[in-house]
Amino acid sequence: MKLERSALIWTCAPKRWATALRSRVAAREGIIQRALAALRDEVGDELVLIADTCLCEYTDHGHCGHATESGEIDNDRSLEMLAETAVSQARAGADIVAPSAMMDGQVHIDQQPFAL
Ligand SMILES: [Zn+2]
C-alpha cells in the first residue's frame, strides 16, 4: 500500500442531515460511504482511501457520539454505531478507517469486526 497517493475522506454535513443518526442504516449509507464508493469506482486501486470514522457527520448537536433523549452521550451505544460505521466504510471502499470520535474504547471496538 503506497500512502503517498492517498485521500482522507471526511465531512461536516449540513444540520438537515442530522436525523440520519437515528437510524443505523443511515450510517451505512452516509455521505462518506457514498463518496468512498464513487471514488473507488473512479480511481480503482490508484489511490489509498482513508475514512474518517465518526458520528458527528450525522448529529445536530455536533458531538462525535450518540446523545440520549436527555442529552447525555451514550458511550456504549456510540461504540456500536462507530463499529458499524467502520465496517460500512470498509465495504464502501476504504483501505483505512481512521477513528476520530474520541469515545472511550473506539479504537478497540473498531478493530473487532476486522479481527481474523
Ligand atoms: Zn466527529
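The following conversation concerns a predicted model of a protein chain.

Biologist: Which secondary structure elements does the protein chain have, and in what order do they run from the N terminus?
Modeller: The model is predicted, and its protein chain has four helices and three strands. Starting at the N terminus, the order is β-α-α-β-α-β-α.

Biologist: How much of the chain counts as buried?
Modeller: The protein chain has 116 residues, and 31% of them count as buried.

Biologist: And what share of the contacts joins residues at least 24 apart?
Modeller: For contacts between residues at least 6 apart in sequence, the share that joins residues at least 24 apart is 72%.

Biologist: Let us turn to the helices. How do α2 and α3 lie relative to each other, parallel or perpendicular?
Modeller: Helix α2 covers residues 31-43 and helix α3 covers residues 75-92; their axes come within 8 Å and cross at roughly 20 degrees. Angles under 35 degrees count as roughly parallel, so α2 and α3 are roughly parallel to each other.

Biologist: Is that crossing left-handed or right-handed?
Modeller: The crossing of α2 past α3 is right-handed.

Biologist: Which residues make the contact?
Modeller: From α2, the contact uses Ile 32, Gln 33, Leu 36 and Ala 37, and from α3 it uses Ser 88, Gln 89 and Ala 92.

Biologist: What does α3 span from its first C-alpha to its last?
Modeller: Helix α3 has 18 residues and reaches 25 Å between those two atoms, close to the 26 Å expected at 1.5 Å a residue.

Biologist: Which residues in α3 are buried?
Modeller: The buried residues in α3 include Ser 78, Leu 79, Met 81, Leu 82, Ala 83 and Thr 85. Ser 88, Gln 89 and Ala 92 are also among them, and these three belong to the contact with α2.

Biologist: Why does Leu 82 count as buried?
Modeller: Leu 82 has 27 C-beta neighbours inside 10 Å, so it counts as buried; the cut-off is 20 or more. Leu 82 and Cys 64 are 18 residues apart in sequence, with their C-alpha atoms 9.6 Å apart in space.

Biologist: What follows α3?
Modeller: Gly 93 follows α3, and its phi is positive, near 130 degrees.

Biologist: What is the phi of Met 102?
Modeller: Met 102 is not a glycine, yet its phi is positive, about 60 degrees. Most residues other than glycine have a negative phi. Met 102 lies in the loop between β3 (96-99) and α4 (106-111). Because Met 102 has 11 C-beta neighbours inside 10 Å, it counts as exposed.

Biologist: Changing topic, where is Thr 11 found, and what does Thr 11 touch?
Modeller: Thr 11 is in the loop between β1 (6-9) and α1 (24-28). Not counting residues up to four places away in sequence, Thr 11 touches Ile 31, Ile 32 and Glu 57. Thr 11 and Asp 52 are 41 residues apart in sequence, and their C-alpha atoms are 8.2 Å apart.

Biologist: Is Cys 12 buried or exposed?
Modeller: Cys 12 is exposed, because 9 other C-beta atoms lie within 10 Å. Thr 11 has 15 other C-beta atoms within 10 Å and is therefore partly exposed. Cys 12 also has its place in the loop between β1 and α1. From Cys 12 to Tyr 58 the C-alpha to C-alpha distance is 8.5 Å, at 46 residues apart in sequence.

Conventions. Residues numbered from 1 in each chain as written. Predicted model: local features only at pLDDT ≥ 70, side-chain atom pairs only at ≥ 80, totals over all residues. Buried ≥ 20, exposed ≤ 12 C-beta atoms within 10 Å, placed from the backbone. Contact = placed C-beta atoms within 7 Å. Axes fitted to C-alpha atoms, helices over the stretch in contact; angles between N-to-C directions. Parallel < 35°, antiparallel > 145°, perpendicular 65-115°, else oblique. Left-handed = near helix turned anticlockwise from the far one by under 90°. Expected span 1.5 Å × (residues − 1).
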